[in-house]
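Here are my notes on the model, point by point. Please read them with the structure open.

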Amino acid sequence: MISEIAIFEASEPNIDLSKSDSPFKATLEQHLKTVLTFDGAQAAYYGQVIEKPHIVIVFVNWGNIDSHVRATQSAKFPAHESSFRSNLVKGNGPGTVFHVPFQQNMLDALQPKTSSGTIGDTEMVFAHFQPSPLPQAAKDAILESFSHVEPFIQRHGGLTGYRNGWVVESLSTPLLEKADEGKGKCDVYVNLTGWDKVETHMKFMEAQDFKDNQHLFMDVEGLRGAEIVHARFYQV
């Protein structure tokens with residue numbers, strides 16, 4: 001499985017995807033239902049960034065990247081893409097689209113379940129590395145370093161899911177605002193952590209356990225920057 005991730009600025013101000021009567025939400029869901037009619041599309045999720053509520057993030061799971069490529073080459077795709085941009089994306093822009101081969105089902109990270117059965121929040125980390133492209137051995141070493149992070153998160157409590165992976169494409173960064181093309185392309189590592197609520201993550205970052213172990217992330221060779229945000233995702 002591979003996940004297509006699209007990040008874009010909403011065409012309308014003050015959207016609230018938590019409201020069932022939101023016109024923007026209804027339009028977005030309708031377009032994602034169309035995406036799910038393409039061969040190879042398996043599931044779709046969407047949410048808005050809590051810290052930047054004008055930014056929308058969409059995940060579409062495909063059987064493999066070739067499935068998505070074939071969908072973009074189909075006869076009905078141009079009309080769908082044009083409608084998506086004109087109705088949902090500010091300035092009819094393309095946004096940023098890329099792919100991540102997460103190794104396991106993402107449901108527990110994208111739709112973390114709390115003890116009461118409600119949906120929690122997802123912390124998203126987009127870490128930028130140079131030079132790009134990184135050798136595979138360097139990527140493997142970075143993943144190995146990050147693998148030591150999950151256990152001390154679990155000790156803190158409130159963790160409901162954890163997924164990570166490398167973006168297939170080299171990208172201009174930052175991803176959540178206008179990219180600085182002058183910085184050149186970066187390899188991007190994506191981490192999804194499901195929490196029962198954002199406040200649990202904030203409390204964790206104040207804990208001594210986090211302070212004692214943050215070097216596992218911050219001191220990794222080649223790290224040029226990171227964007228860390230939260231969203232609550234909804235499945236179509």
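1. Helix 7 buries V198, T200, H201 and F204. Buried means under 20% relative accessible area, exposed over 50%, and partly exposed in between (1.4 Å probe, protein chains only). The arc is taken over the directions from the helix axis to the C-beta atoms. The face turned away from that buried side carries the exposed residues E199, K203 and E206. Helices (H or I, at least four residues) and strands (E, at least two) are DSSP runs, numbered from the N terminus.

2. This is a predicted model, in which local features need pLDDT of at least 70, side-chain atom pairs count only at pLDDT 80 or more, and totals for chains, interfaces and linings use all residues. Residues are numbered from 1 along each chain as its sequence is written, and side-chain values use heavy atoms, with hydrogens and water left out.

3. What covers the buried residues of helix 7? The cover includes strand 5, helix 6, strand 7, helix 8 (208-213) and strand 8 (223-231). Contact here means heavy atoms within 4.5 Å.

4. Take helix 6 (residues 149-156) against helix 7 (residues 198-206). Their axes come within 11 Å and cross at roughly 110°. That makes helix 6 roughly perpendicular to helix 7. Angles of 65 to 115 degrees count as roughly perpendicular, under 35 as roughly parallel, over 145 as roughly antiparallel, and the rest as oblique. The axes are lines fitted to C-alpha atoms, for helices over the stretch in contact, and angles run from 0 to 180 degrees between N-to-C directions.

5. The residues meeting there are F152, I153 and H156 from helix 6, and T200, K203 and F204 from helix 7. By class, the contact of helix 6 with helix 7 has 3 nonpolar, 2 polar and 1 charged residues. Ala, Val, Leu, Ile, Met, Phe, Trp, Tyr, Cys and Pro count as nonpolar; Asp, Glu, Lys and Arg count as charged; the others, Gly among them, count as polar. T200 and F204 also belong to the buried set of helix 7, while K203 is on the exposed face.

6. G157 lies in the loop between helix 6 and strand 6. G157 is partly exposed, at a relative accessible area of 28%. Leaving aside neighbours within four places in sequence, G157 is in contact with W195 and T200.

7. Helix 3 (residues 77-88) has 12 residues. From its first C-alpha to its last it reaches 16 Å, close to the 16 Å expected. The expected span is 1.5 Å times one less than the number of residues. F77, H80, F84 and L88 are buried in helix 3. Seen down the axis, these buried residues fall within an arc of 65°, so they line one face of helix 3. An α-helix has 3.6 residues a turn, so residues three or four places apart point the same way. The cover over the buried residues of helix 3 includes strand 1 (2-9), helix 1 (23-35) and helix 2 (65-72).

8. In helix 2, S67, H68 and A71 are buried. They fall within an arc of 95° seen down the axis, so they line one face of helix 2. Those buried residues pack against strand 1, strand 3 (55-62), helix 3 and strand 4.

9. Is A41 buried or exposed? A41 counts as buried, at 16% relative accessibility. A41 lies in strand 2 (residues 41-48). Not counting residues up to four places away in sequence, A41 touches V35, L36, N61 and W62. A41 and A71 are 30 residues apart in sequence and 8.8 Å apart in space, C-alpha to C-alpha.

10. Check the backbone. Most residues other than glycine have a negative phi, and most peptide bonds are trans. A cis peptide bond joins Q130 and P131, with omega about 0°. P131 is in the loop between strand 5 (121-129) and helix 5 (136-146). The bond from T173 to P174 is also cis, with omega near 0°. P174 is in the loop between strand 6 (159-166) and strand 7 (187-195).

11. N14 has a positive phi, near 60°. N14 lies in the loop between strand 1 and helix 1, and counts as exposed at 77% relative accessibility. Phi of N92 is positive too, near 60°. N92 is in the loop between helix 3 and strand 4 (96-100), and counts as partly exposed at 44% relative accessibility.
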